[in-house]
Amino acid sequence: MASTSTTLLIPSTSTQFLDPTFSSSSSSSSSSSRLLSLQSLSFSSTLGNKKLTRCSVSSSSFNKTSPISSSLQSPTTFKPPSWKKLCSDVAATLIPKITNHSPKLNPVQRTAATILDAVENAMVSHERRRHPLPKTADPTVQISGNFFPVPEKPVVHNLPVTGTVPECIQGVYVRNGANPLHKPVSGHHLFDGDGMIHAVRFDNGSVSYACRFTETNRLVQERESGRPVFPKAIGELHGHLGIAKLMLFNTRGLFGLVEPTRGLGVANAGLVYFNGHLLAMSEDDLPYHVKVTQTGDLATSGRYDFDGQLQSTMIAHPKIDPVTRELFGLSYDVVSKPYLKYFRFTSDGEKSPDVEIHLDQPTMIHDFAITENFVVVPDQQVVFRLPEMIRGGSPVVYDENKKSRFGILNKYAKDASSIQWIEVPDCFCFHLWNAWEEPETDEVVVIGSCMTPPDSIFNEHDETLESVLSEIRLNLKTGESTRRPVITEQVNLEAGMVNRNLLGRKTRFVYLALTEPWPKVSGFAKVDISTGEIQKYIYGDEKYGGEPLFLPSGDGEEDDGYIMVFVHDEEKVKSELQIINAVNLKLEATVTLPSRVPYGFHGTFITKEDLLKQA
């Protein structure tokens, strides 16, 4: 075991939070539909960074200027809007093509909507009296504090900067997150919220900020309905109430009150920039294409199927090979076989045929890894068992009798006949940070964070959650595996990345969020995988952040670059973007943001050069 040393750095920083109180909402709308076909139930993402280059982006006006307010949003720093004004504000922000698409409800639909809403409210109220919500589905827990949603923010230019933004940082930092538009009517998990992207643009010394909802089919219909009507995959699909919610959704579809065939997902987890497209992703749908405008604002182009080539969902952590610029992805199904499919796209967006990978049961595969020649697929112990809902439980289950394993498959395999499965007992990695080949030992090395209890994110446990940064070695010759913690001290490390210019190749450093106290992030760690040395950057008292994004600064050493991270000061109620030198972990610059940024999920950086190449 390598010895571990720790360096601790605490910067001086600042960041706006508003105490939440729910406000009610109601309205109605429609579209034709068919019965719900339940697909993937999860969330999150990874992406590839290109080397930084400098270029310019011209400014022009963009037609979407009015913000969409969440009906949950009600800060203490200003008077909550009345329901009538909130409806007016939301209606004013509807994109014309969406507004014109939905006809008004006929009398039968209006009656059906009223009855179904009343039935749902009574059913939820009755169930809650009998069975209080677990913490993992209680909205007062899941979206409390700075997890609480915010309204959209149109672009604000010329933000104040303390320190100096490095000249090589030219482009847009974008980060995804869950931001529910409406107050939950029953259970709600953090992962269930509507996707919102926060964007900070750097343009020759000028910095701007904007945040916008990703205009998913789900969000558009629920905004028109005035209430959440799509079942929430994690927070609501529990027990008999979950079954009833599915039945209600299907009934709404029969009356043309919802249209599920255009997508069910929230697009709140991952972001990847590939072949001129910024894609917002969650595992329950196709990606959504979002454009960064010339002014630094965000606009949803729509659901993206790669020009008709992608016919299934895609997990939120696709991988981009930094050498070939190909994109690799997985799709899993929780209802019907094949439960797992693998595919890739050439650098210009041409899709390969699906490779069906045989699994005995539907399994949560939130992330995977690539090497120079292989794709590494985890088949672990968190599985989907929909019949558990009939017995009153959650369909997301930890199967203690199942043996975790990793599948090694050639990246260009035509089918899965050559996949080699290697067991890794009692291992559940929600995220995998990198993998590479070591031919001298016939091993594939995987770096990931092993979580216990495995299903603790989804189901309530008395046991404290631990997320251990681990090195897993898969021997292709013997078919055996070893696993060891990379560092000796127990510290929860989740959400982060390696230098993505080296993804799939041997890396020395990994940058990960210090998720303590869970689920808050008190700082980030730079870990030397080879020695176990850990350097910690702590945000300070009552300051918390999220995923650290590593941005390479050029062709120098592996850690030459900068860390970008949103930080929120819960005492001063202010949010900011910090830029930290990744070599010495010294704060380089702080951008003061015009509004609160909730804690979120994953992000990426798009260079100015790539912004000009957007589709």
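This is a short tour of the structure above, stop by stop, with something to select at each one.

**Before you start**

You are looking at a predicted model, where local features need pLDDT of at least 70, side-chain atom pairs count only at pLDDT 80 or more, and totals for chains, interfaces and linings use all residues. Residues are numbered from 1 along each chain as its sequence is written, and side-chain values use heavy atoms, with hydrogens and water left out.

**Stop 1: the whole chain**

Helices (H or I, at least four residues) and strands (E, at least two) are DSSP runs, numbered from the N terminus. Of the 615 residues, 62% are buried. Buried means under 20% relative accessible area, exposed means over 50%, and partly exposed lies in between (1.4 Å probe, protein chains only).

**Stop 2: helix α3**

Select residues 107-130. This is helix α3, with 24 residues, and its first and last C-alpha atoms are 35 Å apart, close to the 34 Å expected at 1.5 Å a residue. The expected span is 1.5 Å times one less than the number of residues. Now colour the buried residues of α3, among them A112, L116 and V124. Which helix do the buried residues of α3 pack against? They pack against α6, with contact taken as heavy atoms within 4.5 Å.

Stay in α3 and click on N121. N121 counts as partly exposed because its relative accessibility is 40%.

**Stop 3: strand β22 and its partners**

Select residues 443-452, which form strand β22. Here 9 of the 10 residues are buried, so the strand is largely enclosed by the rest of the structure. Strand β21 (residues 429-438) pairs with β22 in the antiparallel sense over 8 bridges; two strands pair if DSSP finds at least two bridges between them. Look for L432, which stands opposite G448 in β22. The hairpin of β21 and β22 has 4 residues between the strands, and D442 there takes a positive phi near 60 degrees.

**Stop 4: an open sheet**

Next comes an open sheet of 4 strands, in the order β15-β16-β19-β20, with antiparallel pairing. Its edge strands are β15 (369-370) and β20 (420-423), each pairing on one side only. Zoom in on strand β19 (residues 405-410), joined to β20 by 4 bridges; F406 has I422 as its bridge partner in β20.

**Stop 5: salt bridges**

The structure holds 30 salt bridges. A salt bridge is a side-chain nitrogen of Lys or Arg within 4 Å of a carboxyl oxygen of Asp or Glu. Select R385 and D399, whose closest N and O atoms are 2.7 Å apart. Is D399 buried or exposed? D399 is buried, with a relative accessible area of 10%, while R385 counts as partly exposed at 28% relative accessibility.

Finish with K520 and E570, another salt bridge, with the closest N and O atoms 2.9 Å apart. K520 lies in the loop between β26 (509-514) and β27 (523-528), and E570 in the loop between β31 (561-569) and β32 (574-581), so the pair ties together parts that are 50 residues apart in sequence.
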